[in-house]
Amino acid sequence: MSTTFQLDTSTSRANPTPQPMRRLTVPKIRERKVDGVTTEPLVMLTAYTARQAQLLDPHCDLLLVGDSLGQVIYGLPSTIPVTMEMMANHAAAVVRGSYHSVVVVDMPFGSYEASPEDAFDSAARLLKESGAAAVKLEGGEAMAETVEFLVNRGIPVMGHVGLTPQAVNVLGGYAARGRSDAEADKIVGDAKALEAAGAFAIVVEGVVEPIAIAVTEAVSCPTIGIGASARCDGQVLVVDDMLGMFERVPRFVKKYENLAETISETAARYASEVRDRSFPGPDQLYQPK
């Protein structure tokens with residue numbers, strides 16, 4: 001379904017006026033994998049603002065308000081300092097800007113690990129303040145009890161195994177996971193535990209490809225790969241990486257555009273026109289009637 005835009009004269013910004021459409025739901029996402037097969041892979045990208053959501057929504061099945069916003073929006077060194085307020089505010093913006101995709105919001109570090117009860121309080125706050133449909137949390141078997149607790153109380157949960165950025169201090173870096181037999185077995189076991197606990201989908205990040213395939217074959221819920229395998233049931237990327245907003249990106253990123261260069265060149269043209277007084281020109285000025 002397409003989205004048309006009309007000019008909001010009160011703000012002079014394009015606000016979406018959608019064609020009649022129904023937002024996808026968590027059960028519909030879960031149902032895309034039938035008897036271990038997902039015929040049409042799930043498309044997920046991160047989004048952090050209403051305008052990003054407007055542009056990405058028609059092309060995606062899910063929009064993830066990732067705690068990666070700590071790095072790509074706030075310039076933080078990792079996702080660890082991200083707060084509940086950041087996640088709730090950006091998730092609300094993405095919900096306002098979208099009409100089709102299931103919006104999933106990351107639970108920030110420290111908001112869910114202590115106990116299932118703490119996790120419920122945090123997840124309920126995120127969903128109430130943002131209008132998002134589901135939360136995502138990192139961790140495998142150790143978080144299965146929490147996932148089950150949330151799902152049984154009406155909160156859909158997306159899991160996340162393999163390279164878990166919130167655990168970077170324990171892992172010692174962002175290297176690919178699953179190279180040893182023991183680690184590979186743990187990743188598959190973690191995914192199975194999350195599925196059994198009720199996760200409707202599982203992100204598989206930064207693992208060697210055979211393990212991503214093994215996870216996808218081992219669970220009945222969809223897997224969403226990032227640095228994993230094309231044989232996962234879907235894919236996700238950080239939108240700023242995919243659009244080429246940063247010079248340095250992880251190996252698993254494909255840059256579909258180079259917006260950083262475009263923005264820099266455009267800003268340089270603007271600066272030049274301001275300095276030579278060719279901007280603003282007649283088309284941008286108001287004259288007496």
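1. Let me start with serine 111, which counts as buried at 6% relative accessibility (buried means under 20% relative accessible area, exposed over 50%, and partly exposed in between, with a 1.4 Å probe and protein chains only). Serine 111 sits in the loop between strand E7 (102-106) and helix H5 (116-130); helices (H or I, at least four residues) and strands (E, at least two) are DSSP runs numbered from the N terminus. The serine 111 side chain reaches the backbone oxygen of proline 108 at 2.6 Å. That is a polar contact, meaning a pair of N or O atoms within 3.5 Å; within protein, one must be able to donate a hydrogen and the other to accept it, and residues adjacent in sequence count only if both atoms are side-chain atoms. Not counting residues up to four places away in sequence, serine 111 touches Met84, Asp118, Ala119 and Ser122, where contact means heavy atoms within 4.5 Å.

2. A word on how to read this. The model is predicted, so to speak of a local feature requires pLDDT of at least 70, and side-chain atom pairs count only at pLDDT 80 or more, while totals for chains, interfaces and linings use all residues. Residues are numbered from 1 along each chain as its sequence is written, and side-chain values use heavy atoms, with hydrogens and water left out.

3. Next, the annotated binding site. An unreviewed UniProt entry places the annotation "binding site" on Asp67, Ser68, Asp106 and Lys136. These residues span 70 residues in sequence, yet no two of their C-alpha atoms are more than 12.6 Å apart, so they gather at one spot. Please keep in mind that UniProt positions are given in the numbering used here, that feature names are shortened, and that annotations may be inferred rather than shown by experiment.

4. Two members of that site deserve a look. Aspartate 67 belongs to the loop between strand E6 (62-65) and helix H3 (69-72) and is buried, with a relative accessible area of 5%. Leaving aside neighbours within four places in sequence, the contacts of aspartate 67 include Asp106, Glu138 and Gln166. Lysine 136 lies in strand E8 (residues 134-136) and is also buried, at 2% relative accessible area. With neighbours within four places in sequence set aside, Asp106 is among the contacts of lysine 136 too, as are Leu64, Gly159 and His160.

5. Where does the active-site annotation fall? The unreviewed UniProt entry puts "active site" on Glu205. Glutamate 205 is in strand E10 (residues 201-205) and counts as buried at 10% relative accessibility.

6. The largest nonpolar core has 77 residues, and Leu62, Val105, Val135, Met158, Phe200 and Ile202 touch the most other members. A nonpolar core here is a set of buried Ala, Val, Leu, Ile, Met, Phe, Trp, Tyr and Cys residues joined through side-chain atoms within 4.5 Å. Beyond neighbours within four places in sequence, valine 105 is in contact with residues including Val65, Met87, Leu126, Val135 and Lys136.

7. How many salt bridges does the structure hold? The structure holds eight, a salt bridge being a side-chain nitrogen of Lys or Arg within 4 Å of a carboxyl oxygen of Asp or Glu. One of them joins aspartate 233 and lysine 33 (2.9 Å, N to O). That pair links distant parts of the chain, 200 residues apart: aspartate 233 in the loop between strand E11 (223-226) and strand E12 (234-237), and lysine 33 in strand E3 (residues 33-34). Aspartate 233 is buried at 4% relative accessibility, and lysine 33 is buried with a relative accessible area of 4%.

8. Another salt bridge pairs arginine 125 with glutamate 85 (3.2 Å, N to O). Arginine 125 lies in helix H5 and glutamate 85 in helix H4 (residues 84-96), so the pair ties together parts that are 40 residues apart in sequence. Both partners are partly exposed: arginine 125 at 28% relative accessible area and glutamate 85 at 42%.

9. Glutamate 217 and arginine 231 also form a salt bridge, with the closest N and O atoms 3.2 Å apart; both residues are exposed. Salt bridges that share partners join Glu85, Arg125 and Glu129 into one network.

10. Finally, some backbone points to check by eye. The peptide bond from phenylalanine 279 to proline 280 is cis, with omega near 0 degrees. Aspartate 35 has phi near 55 degrees, a positive value in a residue other than glycine, and is exposed at 77% relative accessibility.
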